[in-house]
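Please keep the sequence and the 3D view at hand while reading.

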Amino acid sequence: MLLRHTTSEVKEREGLTINPAKTCQPIGAMYAALGIHGCLPHSHGSQGCCAYHRSTLTRHYKEPVMAATSSFTEGASVFGGQANLLAAIDTIFSVYDPDIIAVHSTCLSETIGDDLQQITKKALDDGKIPEGKHIIYAATPSFVGSHVTGYANMVAGMAQQFAVSTGEKKDQVNLVAGWMEPSDMRELKRISKEMGAKVVLFPDTSDVLDAPQTGKHEFYPKGGVTVPELRSTGDSKCSLALGCISAEPAAVALDKKCGVPFETLDMPIGISATDRFVMALSKAAGVKVPDEITAERGRLLDVMTDMEQYFHGRKVALFGDPDQLIPLTEFLLDLGMQPKHIVSGTPGARFAKRMKEILQRAPGANFKNGLNADMFLLHQWIKNEPVDLLIGNTYGKYIARDEDIPFVRYGFPILDRIGHSYFPSVGYTGGLRLAEKILGVLMDRQDMKAKEEKFELVM
Amino acid sequence: MEQIGILEGREKQIFEKKEGAAAFDISCEKTSLSGSVSQRACVFCGSRVVLYPVADALHLVHGPIGCAAYTWDIRGSVSSGPELHRLSFSTDLQEMDVIYGGEKKLYLSLIELIEKFSPKAAFIYSTCIIGLIGDDIDAVCRKVQQETGIPVLPVHSEGFKGTKKDGYKAACTALMKLVGTGPIEDISPYSINILGEFNLAGEAWIIRKYYEEMGIEVVSTMTGDGRVGAVRRAHGAKLNVVQCSGSMTSLAKDMEEKYGIPYIRVSYFGIEDMAAALYDVAKHFPDRPEIMEKAREIVSREVKTLYPELQKFKQALSGKKAAIYVGGAFKTFSLIKALRSVGMSVVLAGSQTGNKDDYLALKEMCDEGTVIVDDSNPVELSKFILEKEADLLIGGVKERPIAFKLGVAFCDHNHERKIPLAGFEGMYNFILEVYQSVLSPVWQFAPRKGGSL
């Protein structure tokens, strides 16, 4: 019992976090920046930050993850990190030759007071950015928000700093991707294409973090949203922000800078949220929902109905990030399951409010986000009221093992399984995959635990 | 990418051993160039990996959440008992704490945790911003130590204050405060501490078993399967046996100075080095020849079983080329010898933190044409792996996917090893893993080996 120390008595804690259900902003910024073609993320801070983020992303994707660091030393902490960043920019363009450097800050550079806007401007003024190359930035202090905040800030940064309004509107819709997997981004592009909707999806980590084996180590893989595409977002008809926490800030930035109107949607996970997405995209792009998409929906619905008895009334504990938890909880309710305990380390009243709305259908459910909403608390809740299923990232495996609960890995990071980068969980097809995964662990368990006379061949 | 060469300013951190090469003067122990895609980590990382395996201590990371989140149970250091070290504790500093200071939060967190988990000691890691916001963690630690009666040890591991090596040193400083505080009356005159062995996949257990079989008492292992009580008694041992010299030599030196305990450097990887690690300890106790006899007996017994097993792999592996890029240079020596024993050659050898002496020794040991690198990066590694036509890369988490993308076999000789690679049985496991990866049928499909549609 690895977590044998967990007590069932829940006490208020003073600030202390035990087994976090979040991590810090910069890793989100790094992940988002990898979704721009030819971009080298740059961590403005100590060397360790960059190493940890790269290691974590590598463990999650089993892919090489390239990023540079300002390599702060004691001197930088006294005199400021400007010299380090300027030197880094020179090194990066002369050696790694990216099209774009996307700089994010860290707790260290933020505490020192480095102003990325000012330093990147100085780099431009001093002619350190070669012709046709770019530098963007996002402030991502680790002591505010979570990794999700960092993602949102970098995505907002790319919209804010690249988008241009030429005055000529384009017949296209911006899809601002909330934090999702490369497989999800690929799926959203497929759905859009199927519907005949012209979209610019950003960021886009497909073909970056799910790159094929080619015998070469591609420093800049072929995927990623391009600079011309990002520029053009300022001329789009409108934006659909997929996720109120991780995607909306970019849509707001586009509205402010270029007057592109936006609508914020839940990430299209599960049947209801995907319905809303498909309708919104159809309206925004002025296209009809094609039969093929309707058929996809029908297939998901067919599985939901065929298997409803296995979902019904099963209690679920889940943890993770806001934009996944909101529609996932809704989907579980649509399946007839009972979300019981939900935690997320990511703070925010908006998130809490949206969850409350959805959880009206789940009386008695526990929900907490922000400070102290950690895996320790989730475990305590589970001890007090056991569940049939646990859904969350790899860190859930400790609880699943100790409490003997079927476990579906979902979210970030997943350090011990593959699949998330290849098989989407968004859209109707993604809903099918989630349903299959949930059924898989529930029914495997039933098979393993059933008494001999109750052991069934046909289920 | 082919045109990308070597980072400007890094030429002196790379050396190719060949005739007519300039005099060997590798430049190392430097901080990485700003803007490089370095494979290195920070001071905090150094401290965290060294202290992490002390299983009955509380490890509280004081700072914003990231540092605790990224180091939550990432090192497969196995414990035979308590597993408090596998949990993640953080003060999770917020903006207000950065403005007003985090001391109160630290104090309250410590009191709460010590009450809840009754650890035998507490290590408090300071992260980058702690010094900057003016938290006096020494004072908080003193206060909590007084109130709770357990050792509460600050670890000064601010990420930017040096390299990973400085983190090792900060960890040793914290350990040194524990050493000398436990009873040593009943410790045998034939006793050692095993330093720099972290019990990955249970390796310390293998090593400990050999020494105990020789009639030697192992007072403490630092820090694999570590216990606070054992560390407190470590000054009662007669000899310190140091592996992973980069991380623990400073502790051995401090103990020599303060308690007069001599130390020797060993490696547990490969037959030669493993045997030497037993003989060298036995030599230290000449008044009891049985120890040496027993050491010989163990070596001959183990080699007798191991040797024929290795021969089975030798034919398949002979002539294959390996590239090595690991944390410490000392490990590289052992790996070169181990690979040679099955007929493999090493075409690239490097480390993140080697010093000048290490690299000199490495140069002596390497074949002609071998490239030696300090603090390398993915571009260089890819370049040399392809140029030198390596069949295998030995490295850590960030190197693995690079090898696989290139279509080259890989063996993790770092935190993510899943099977013990130390000791005689570890040598078998190591060669088996190398064999399985190098000869895996999947490479036939890799474009590099001619596989294509």
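Two residues are in contact if their C-beta atoms, placed from the backbone, lie within 7 Å. In chain A, 73% of the contacts with a separation of 6 or more are between residues 24 or more positions apart. This is a predicted model, in which local features need pLDDT of at least 70 and side-chain atom pairs count only at pLDDT 80 or more, while totals for chains, interfaces and linings use all residues. Residues are numbered from 1 along each chain as its sequence is written, and chains are lettered from A and ligands numbered from 1 in the order in which they are written.

Of the 459 residues in chain A, 58% are buried, a residue being buried if 20 or more other C-beta atoms, placed from the backbone, lie within 10 Å of its own. The C-alpha atoms of chain A fill a box of roughly 80 × 55 × 45 Å along the principal axes.

Chain A has 18 helices and 14 strands, which are DSSP runs numbered from the N terminus (helices are H or I with at least four residues, strands are E with at least two). Two of the helices are listed here.

| Helix | Residues | Chain |
|---|---|---|
| α14 | 322-334 | A |
| α15 | 349-359 | A |

The axes of α14(A) and α15(A), 9 Å apart, meet at an angle of about 5°, where axes are lines fitted to C-alpha atoms over the stretch in contact and angles run from 0 to 180 degrees between N-to-C directions. The two helices α14(A) and α15(A) are therefore roughly parallel to each other, a description used for angles under 35 degrees. Among the residues that make this contact are A:Leu325 and A:Ile326 of α14(A) and A:Phe351 and A:Met355 of α15(A).

Technical notes: Angles under 35 degrees count as roughly parallel, over 145 as roughly antiparallel, 65 to 115 as roughly perpendicular and the rest as oblique. A residue is buried if 20 or more other C-beta atoms lie within 10 Å of its own, exposed if 12 or fewer, and partly exposed in between; C-beta atoms are placed from the backbone.
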